[in-house]
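Subject: Structure for you to look at

Dear colleague,

Here is the structure I said I would hand over. My notes on it follow below the display.

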Amino acid sequence: MTQNFINMHHMKTLKILLHILLVIPFCLVILFSSKKYQERLIQFWCKRLLSIFEIEVELKGVTENLLNQKKYLMVSNHISWIDIIVIQSIRPSIFVAKSDVASWPLFGWVAQMTGTIFIKRDKVSDIKKALKKMKRRLIKRSVCIFPEGTSTNGRYVLPFKSNLFQSSIDANKSILPISISYREANAYTDKVAFIDDMSLIDSIIKIKNGNHIKVIVDVMQPIRPRSNRKELASYAHEMIQKSLSQNLS
């Protein structure tokens with residue numbers, strides 16, 4: 001019994017490594033593919049990775065059909081790098097990420113190949129450049145941001161930085177609030193939380209050792225960009241905080 005468990009454990013590790021490496025030819029194909037085919041490839045790769053990690057996605061609220069009909073500024077709380085994989089498995093999107101993500105082994109290269117917009121939040125000039133890129137991208141693709149500016153353990157939502165909400169107003173695209181929460185054995189878990197000084201490898205190992213983790217993705221009603229960015233950020237924060245509280249209770 002113990003030997004079988006060890007073999008299964010090693011097999012899971014091997015599958016994860018092989019699938020992560022498979023992203024290299026995937027990205028090369030993406031470079032020469034249509035937008036629709038790019039999205040299908042990204043969605044397939046992300047769904048498969050979640051399956052190997054044995055992470056189940058439970059989608060609540062807005063249906064997938066409605067989610068795919070329009071382009072949104074998607075706004076979510078942030079717990080882990082795997083949030084991106086979860087969201088991409090539901091709705092392939094362009095992400096806005098901190099500039100240091102670009103230097104991550106392999107994942108940073110993948111982020112660049114899939115059109116991620118990198119930003120240094122403490123530089124006003126960087127924010128202005130990012131807003132211009134976001135406005136252009138929102139014409140053809142949904143764009144996703146994590147306005148807390150960092151990740152948490154998933155029990156709460158930090159105050160939202162409002163500057164990137166301006167892209168919703170500039171592009172006249174609705175904001176789609178999303179709350180993400182992770183559960184293991186039907187209870188809250190911080191096993192996926194990518195916080196403090198944890199390395200990416202440590203995080204992958206910790207998630208791999210999880211036992212059938214479920215991620216609840218609550219997609220709420222879109223918010224029209226009819227007010228200023230600070231009001232939009234505050235309203236989205238309120239919706240996501242309320243949803244998270246309900247999903248953790």
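Strand 8 (residues 213-219) is mostly covered, with 6 of its 7 residues buried. Please keep in mind that this is a predicted model. Strand 8 pairs with strand 1 (residues 55-61) through 7 bridges, and these two run parallel. In that pairing, Ile55 stands opposite Ile213. Strand 8 is also joined to strand 6 (residues 175-184), here by 6 bridges and in antiparallel fashion. Asp218 of strand 8 has Ser179 opposite it.

Helix 4 (residues 82-90) has 8 of its 9 residues buried, so the rest of the structure largely encloses it. The buried residues are Ile82, Asp83, Ile85, Val86, Ile87, Gln88, Ser89 and Ile90.

The largest nonpolar core has 37 residues, and those touching the most other members are Phe53, Ile55, Trp81, Ile82, Ile85 and Tyr182. Two or more residues each come from helix 2 (35-53), helix 4, strand 6, helix 8 (200-208) and strand 8. Helix 2 gives the largest share, 7 residues. A further core, of 28 residues, lies apart from this one; Ile127, Leu131, Leu232 and Ala236 are among its members.

Residues up to four places away in sequence aside, Tyr182 touches Ile79, Ile82, Asp83, Val86, Ala187, Tyr188, Thr189, Val192, Ile213, Lys214 and Val215.

On aromatic pairs, the count comes to 3. One of them is Phe53 with Trp81, an edge-to-face pair at 6.3 Å centre to centre and 65° between the planes. Phe53 belongs to helix 2 and Trp81 to the loop between strand 2 and helix 4, so this pair ties together parts that are 28 residues apart in sequence. Both partners count as buried because their relative accessible areas fall under the 20% cut-off: Phe53 has 2% and Trp81 has 5%.

Next, helix 6 (residues 124-137). Its 14 residues should span 20 Å at 1.5 Å a residue, and the end C-alpha atoms are 20 Å apart, which agrees. Asp126, Ile127, Ala130, Leu131 and Met134 are buried in helix 6. These residues cover an arc of only 135° around the axis, so they sit on the same side of helix 6. Lys128, Lys129, Lys132 and Arg136 are exposed on the other side. What lies over the buried residues of helix 6? The cover includes strand 2 (73-76), strand 3 (94-98), strand 4 (117-119), strand 5 (143-145) and helix 7.

Helix 7 (residues 166-171) also holds Ser168. The relative accessible area of Ser168 is 0%, so this residue is buried. Beyond its neighbours within four places in sequence, Ser168 is in contact with Leu73, Lys173, Ser174, Ile175 and Pro225.

Regards

Terms used: Residues are numbered from 1 along each chain as its sequence is written. This is a predicted model: local features need pLDDT of at least 70, side-chain atom pairs count only at pLDDT 80 or more; totals for chains, interfaces and linings use all residues. Side-chain values use heavy atoms; hydrogens and water are left out. Buried means under 20% relative accessible area, exposed over 50%, partly exposed in between (1.4 Å probe, protein chains only). Helices (H or I, at least four residues) and strands (E, at least two) are DSSP runs, numbered from the N terminus. Two strands pair if DSSP finds at least two bridges between them. A nonpolar core is a set of buried Ala, Val, Leu, Ile, Met, Phe, Trp, Tyr and Cys residues joined through side-chain atoms within 4.5 Å. Contact means heavy atoms within 4.5 Å. The expected span of a helix is 1.5 Å times one less than its number of residues. The arc is that of the directions from the helix axis to the C-beta atoms. Rings of Phe, Tyr and Trp (its six-membered ring) pair if their centres lie within 6.5 Å; planes under 30 degrees apart count as stacked, over 60 as edge-to-face and the rest as tilted.
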